[in-house]
Amino acid sequence: MAPQVSPRRARAVLVALSLAAFAFITTELLPVGLLTHIAPDLDRSRSQVGLLVSGYAVVVVLASVPLARLTQRIPRRQLLGVTMLLFAAANAAAALAPTYAVLAGSRLLTALAQALFWSIATATVTGPFPVAVRGRVVALFSTGATLAPVLGVPLGTWLGQQAGWRVAFAVLAGIGLAIAAAVLVLLPSYPPAAGGAARGTAPDRRAFAWLLIATALGIGGFMTLQTYVTPFLLDVSGFADAVLAPLLFVSGAAGVVGTLAATRTLDTRPVASLLTPLSIGTASLFGLYALGALRPAVVALLAGIGLAYAAFGSAVQNRMLQLAPGSTDMASAGVSTAFNAGIAGGSLLGGTLLPTSGARPLALVGGLLTLVALALLAVDAGRGRAAGPGPGRAAGPTPTTARPPTRPAATRRVTPARTGTPVQDRQGGS
């Protein structure tokens, strides 16, 4: 049985782990912003530095499930603390790296830490909260990851430009140490199986398998275009170099809006929270293919893609907490694998098409992939409604009077739900 956790302490853990997600995603993407500084300093080509990002995603894909399985009995306080210490050490090694090989090795360690973090963080951060508000908690937790490309990478890039790329990684190492300390102080220690979100609230192996497939396809569709959105904006839309940064900021800011908007629906309409962003994303991708030369439309459609991508990620994580057929840690590792497989697959597909077809068809191909993902989830939702509620089927959220995490009663203490509680809750992933 997990110890009682006060609402204030639970919210503090939520903030700490959201900052950890922010730090991980910033670290993952930072070499893109500092590519022109790292390459000459280490006497490597820009494409070799780019491998520090793509190789990172591959490591997360391969390591998520094995690491989750190996560590499933370790209390989350100790495991998350060690994970953040490893994150700090790896970034410190990157800051001091004398050669490209050392930098690549430090990135390998950071990727392993990230694979483990995303396997256990969602269940850990949501466990102390009542089932009825966990969707909101997932969305708030996801805000950290959503802010990283909008705020973390630009700030890290600016710092690297002003003080040197090594300083940017050193700052991230310091942030990792601070988060590790917060986790060790705030998070109680108890067996992972006793956590309030250790098991799915409505386990369904078939529906969870469809969720993983749809996640890989949907994220792959988004990334087919997003990886090469700069050539699209330059070659198809005819924008100047000077406006690329503001355009990408628009997309990122819309992602933050999408994540916050998801807090209103994840608990009450979990299936609609999956289908709606996929519908918006699909329409936006097809719209870019058709209207890519119409600049005002492109700005609005870019915002639609950014909003849809972020909201879909939160919805997948939330749905995982419901459908997980066993441990939510293992299920989260599966979602992380699906996400990163989509990222790597979409990037590879876009890179294959770009030299032969140009940038415009990337929006069409991406839209077709998200459309298939949307169809799979819609068909599975229809089967679920036809079958009706029953053992292992998600039927909809159970009403509850529990207060949301943003406005708890002053003296209230929240006890994590018992493992296997058959209460129906309302994301996914990284």
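Which residues make a nonpolar surface patch of about 190 Å²? They are V167, V171 and I175. A word on terms. Patches take residues with over 30% relative accessible area and no salt bridge, joining like charges within 9 Å and nonpolar side chains (Val, Leu, Ile, Met, Phe, Trp, Tyr) within 5 Å. A salt bridge is a side-chain nitrogen of Lys or Arg within 4 Å of a carboxyl oxygen of Asp or Glu. Areas are Shrake-Rupley with a 1.4 Å probe, and for residues only the protein chains shown count as cover.

Keep in mind that this is a predicted model: local features need pLDDT of at least 70, side-chain atom pairs count only at pLDDT 80 or more, and totals for chains, interfaces and linings use all residues. Residues are numbered from 1 along each chain as its sequence is written, and side-chain values use heavy atoms, with hydrogens and water left out.

Now the overall picture. The chain has 14 helices and zero strands. These are DSSP runs, numbered from the N terminus: helices are H or I, at least four residues, and strands are E, at least two. Of the 430 residues, 53% are buried. Buried means under 20% relative accessible area, exposed over 50%, partly exposed in between (1.4 Å probe, protein chains only). The accessible surface of the chain is about 17,000 Å², with 68% of that belonging to carbon and sulfur atoms.

V171 sits in helix α7, residues 165-186. V171 is partly exposed, at 39% relative accessible area.

Next, the rings. There are seven aromatic pairs. Rings of Phe, Tyr and Trp (its six-membered ring) pair with centres within 6.5 Å; planes under 30 degrees apart are stacked, over 60 edge-to-face, the rest tilted. W165 and F169 pair edge-to-face, at 5.9 Å centre to centre and 85° between the planes. They are four residues apart in helix α7, so about one helical turn separates them. Both W165 and F169 are buried.

F222 and Y309 are also edge-to-face, because their planes are at 90°, with centres 5.5 Å apart. This pair links distant parts of the chain: F222 is in helix α8 (205-226), Y309 in helix α12 (295-323), 87 residues apart. F222 is buried, at 0% relative accessibility. Y309 is partly exposed, at 22%.

Last, charges over rings: NZ of Lys or CZ of Arg within 6 Å of the ring centre and within 35 degrees of the ring normal. R360 sits over Y289, 4.8 Å from the ring centre. R295 lies over the face of F239, at 5.6 Å.
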